[in-house]
Amino acid sequence: MTHLMPQLPYAHETLAPHMSKETIDFHYGKHLQTYVDNLNRLITGTPYENASLEEIVMTAEGPLYNNAAQTWNHTFFFEALTPAQGNLPEALEARLTAAFGSVADFKKQFTQAAMGVFGSGWVWLTADAEGHLSITAEPNAGNPMRKQLKPLLVIDVWEHAYYIDYRNRRADFIEAFWKLVDWNKVAERLAL
């Protein structure tokens, strides 16, 4: 099975000014493409040759895991961004409030986790098997599915995600991220 680049649900320039076309061109068009290309090269002639991306993420190790997880993580990240952010669905607001105290408290805790990742990684909003929400920080290519957690939202805090637009100002990137989150996509992932 050949793994393909995901199709973005928006044009490259439409996330500006929060995320520039140049960032999308490099982050999506170059970085993600490299992970997809590496993944396809690494699975050739292995038991993973016909496996789904999720199966590879759940069971592979080493470079194969890293490239599969980075492909999955980036796809998940890009699919939850939108140039036309709508209101937070009431059911999602209620779940975030129940879990974190308020939506503002959720954003504050998520932001702190994203700021606290040393080096490269990802911060996730996840749900466990009982539906309890939590914030999970993962280094490098880490994916919470390997801990039996359901991903709902993620921010990429690798420097390539923000360096073109924000240089070393991760906090500014995280603040801009909140203006791009597709809350309807998050609610859909939570099945609300």
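The legends below describe close-up views of a predicted model. Residues are numbered from 1 along each chain as its sequence is written, and side-chain values use heavy atoms, with hydrogens and water left out. Because the model is predicted, local features need pLDDT of at least 70 and side-chain atom pairs count only at pLDDT 80 or more, while totals for chains, interfaces and linings use all residues.

**View 1. The open sheet consists of 3 strands in the order β2-β1-β3, with antiparallel pairing.** Strands (E, at least two residues) and helices (H or I, at least four) are DSSP runs numbered from the N terminus, and two strands pair if DSSP finds at least two bridges between them. Strands β2 (133-139) and β3 stand at the edges, each with a single partner strand, so one side of each is left without a neighbour in the sheet. From one strand to the next, the twist averages 25°. Strand β1 (residues 121-127) is joined to β3 by 6 bridges, the two running antiparallel, and valine 123 stands opposite isoleucine 155 in β3.

**View 2. Leucine 152 lies in strand β3 (residues 150-156).** This residue is buried (under 20% relative accessible area, where exposed is over 50% and partly exposed is in between, with a 1.4 Å probe and protein chains only), and its own relative accessible area is 0%. Leaving aside neighbours within four places in sequence, leucine 152 is in contact (heavy atoms within 4.5 Å) with residues including Phe76, Leu125, Leu133 and Val186. Alanine 80 is 72 residues away from leucine 152 in sequence, yet their C-alpha atoms are 9.0 Å apart in space.

**View 3. Helix α4 (residues 90-100) meets helix α8 (residues 183-190), their axes coming within 9 Å and crossing at roughly 75°.** Axes are lines fitted to C-alpha atoms, for helices over the stretch in contact, and angles run from 0 to 180 degrees between N-to-C directions. Helix α4 is therefore roughly perpendicular to α8, a term that covers angles of 65 to 115 degrees. Leu92, Arg95 and Leu96 of α4 make the contact with Trp183, Val186, Ala187 and Leu190 of α8.

**View 4. Asparagine 67 is found in helix α3.** Asparagine 67 is buried, with a relative accessible area of 10%. A polar atom of its side chain lies 2.9 Å from the backbone oxygen of proline 63. Not counting residues up to four places away in sequence, asparagine 67 touches Thr34, Tyr35, Asn38, Leu39 and Leu42.

Note on methods:
Parallel < 35°, antiparallel > 145°, perpendicular 65-115°, else oblique. Polar contact = N/O pair within 3.5 Å; in protein donor to acceptor, adjacent residues only side chain to side chain.
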